[in-house]
Amino acid sequence: MDVNYKIIDTRRITDYIAVFPDGISVEEIMQNSGAEKLRVYPALFELEQSGFLEVLEREELGAPLIVRKKRH
């Protein structure tokens, strides 16, 4: 049986983001969520596209700096 690390890391990221309703920096997500660092940006992109999260602040080239779970 193959382990799907992408799914595991995405769950770690969503669980971590949910703890900070006012937003959390991507740097803190990388350091503290338990997700593989290289999977964080792709996961955040997918989560933004799916409507789970919103980006509160971006760097100049568009990468997210601060995100939070989208409020419905």
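Helices are DSSP runs of H or I with at least four residues, numbered from the N terminus. In this predicted model, T14 is found in one of them, helix α1. T14 has a relative accessibility of 13% and therefore counts as buried, the cut-off being under 20%. Leaving out residues up to four places away in sequence, T14 touches L47 and F52.

The length of helix α1 was compared with expectation. At 1.5 Å a residue, its 14 residues should span 20 Å. The end C-alpha atoms of α1 are 20 Å apart, which agrees. The buried residues of α1 are D9, I13, T14, Y16 and I17. They cover an arc of only 165° around the axis, so they lie on the same side of α1. On the other side of the helix, I7 and R11 are exposed. The packing partners of the buried residues of α1 are β1, α2, α3, β2 and β3.

The strands were examined next. Strands of a sheet pair through backbone hydrogen bonds, in either a parallel or an antiparallel sense. Here, 3 strands make an open sheet, and their order is β1-β3-β2. The pairing is antiparallel. Strands β1 (24–25) and β2 (53–58) stand at the edges. Each has a single partner strand, so one side of each is left without a neighbour in the sheet. Helix α1 (residues 5–18) packs on this sheet and touches β1, β2 and β3. The direction of α1 makes about 75° with that of β3.

The pairing of β2 with β3 (residues 64–69) is antiparallel and runs over 5 bridges. In this pairing, E54 stands opposite R68 in β3. E57 faces I66 of β3. The two strands β2 and β3 form a hairpin, with 5 residues between them. In the turn, G62 has a positive phi of about 105°. β1 also pairs with β3 in the antiparallel sense, over 2 bridges. There, I24 stands opposite V67 in β3. Helix α3 (residues 37–50) lies across β2 and β3. It runs at about 120° to β2.

The nonpolar interior was then considered. In soluble globular proteins, nonpolar side chains tend to be buried together. The largest nonpolar core in the model has 15 residues. Within this core, I13, I17, I29, V40, L44, L53 and V67 touch the most other members. At least two core residues come from each of α1, α2 (26–32), α3 and β2. Helix α3 gives the most to the core, with 4 residues.

With neighbours within four places in sequence set aside, I29 is in contact with I13, Y16, I17, I24, V40, L44 and V67.

Key
Residues are numbered from 1 along each chain as its sequence is written. This is a predicted model: local features need pLDDT of at least 70, side-chain atom pairs count only at pLDDT 80 or more; totals for chains, interfaces and linings use all residues. Side-chain values use heavy atoms; hydrogens and water are left out. Two strands pair if DSSP finds at least two bridges between them. Contact means heavy atoms within 4.5 Å. Axes are lines fitted to C-alpha atoms, for helices over the stretch in contact, and angles run from 0 to 180 degrees between N-to-C directions. A nonpolar core is a set of buried Ala, Val, Leu, Ile, Met, Phe, Trp, Tyr and Cys residues joined through side-chain atoms within 4.5 Å. Buried means under 20% relative accessible area, exposed over 50%, partly exposed in between (1.4 Å probe, protein chains only). The expected span of a helix is 1.5 Å times one less than its number of residues. The arc is that of the directions from the helix axis to the C-beta atoms.
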